Amino acid sequence: MNEILSTLALTRLRGLSAAAATAAIRYYGSAAAVWADGGSQSERLARLIDNADARRKAFDRAQQEADYCQEHGVRILTLTDADYPQLLADCGDAPPQLFMQGHVPCNARHSLSVVGTRRITDYGRAMVAQLLQGLAEQMEGVLVVSGLAYGVDICAHRAALQHHLPTAAVLAHGLDRLYPAAHRDDAQRMCAEGGLLTEYFTHTVPDKGNFVSRNRIVAGMTRATLVVESADHGGALITARLAAGYQREVLAVPGRVTDPFSAGCNHLITQGDAMLVTCADDIMRLLGWEPTRATAEAPALLTAYTAEQERVLSCLNLVDAVTFDQLVARSGVPGPRLRVLLFELQAVQAIRVQAGSHYLLA
């Protein structure tokens, strides 16, 4: 019996949970074997399989889904498929199947889930960009996994795309729709350098409970989960707890103690539930990753700063913009001379300027 159809049909038996279907597949070694045996391992399963009407409906729905997937270029990965994420397969609650749009390297040697608040701050955006850029400069093919949601999720996907890292979004609905619709263009780009994954059949709507359930896939299919910004509660902390339960590493970016969207990260760190991360080198060190990409030396123009330029740069950071007057006060450099130094630093792209003459490190 076809393993894909057998798996899909098993998950469509009314009254059989995905977890129970997974347990049966593990016990018998395949979904086809479950049907061939009649599910005698479990009285309840045997009763469901013995119901001719239930069997017919389950296989009809399975065939309908398989036809949709074939027509739309969706690949179905079952638990017994070699391309199914093996890290996820090691989790007791792994879904029986995954539907994949695109070409996700599910078993990439290096993988990282990036999660956090939907209400991301400028600090969070800067940290996501900085961390993934740093990884891309030293590593090839790091799979970045998130959930396509607003905030940290979409920032992680976009940063991965920008730096040509494969990235996968785990969805809380079927592949016949996309939520949020505002990220459709990003999802299409991702399918060229990664793709979309879901355990859900078509016609499944993005109910609240599905988001909680999909978090186990985000946490389970990678070697580590990184929390960038999170309040004291929310999906990111649920994902972090799931990752810890799977014996995966949990990393977190610290933030100001007064920032509510860093409270969750700070608590994870102070309670010993996550390791502190401030740069890509931290991630690589904590996960035992060795660089796989040769790094070229930066041009001398970008590194050979004068003492005056260094003084100005020391007054700036990546996140908090500083006004010209604040720079005069902090650096002690007279205004006319400071304008010259700022022009020089802009010329070598060491700093950037925001509206209203606010300065940041590039």
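Which residues does D186 touch, not counting residues up to four places away in sequence? I looked this up and found I154, R158 and L161, where contact means heavy atoms within 4.5 Å.

The model is predicted, so I note that local features need pLDDT of at least 70 and side-chain atom pairs pLDDT 80 or more, while totals for chains, interfaces and linings use all residues. Residues are numbered from 1 along each chain as its sequence is written, and side-chain values use heavy atoms, with hydrogens and water left out.

I placed D186 in helix α9, residues 184-190; helices (H or I, at least four residues) are DSSP runs numbered from the N terminus. D186 counts as buried at 9% relative accessibility, buried being under 20% relative accessible area with a 1.4 Å probe and protein chains only.

Next I checked the cysteines. I found 0 disulfides, a disulfide being a pair of cysteine sulfur atoms within 2.5 Å. From the sulfur of C69, the closest cysteine sulfur is in C191 at 13 Å, which is too far for a bond. C69 is buried at 3% relative accessible area, and C315 is buried at 12%.

Last, I looked at the second largest pocket. A pocket is an open set of points on a 1 Å grid over the protein atoms alone, where a 1.4 Å probe fits, with protein on both sides within 12 Å along at least five of seven lines; lining residues have an atom within 4 Å of a point. I counted 26 lining residues, with G116, R118, G234, G235 and A236 nearest the centre. Helix α10 (208-220) and α11 (235-245) each give two or more residues to this lining, and α10 gives the most, 6.

Technical notes: Buried means under 20% relative accessible area, exposed over 50%, partly exposed in between (1.4 Å probe, protein chains only).
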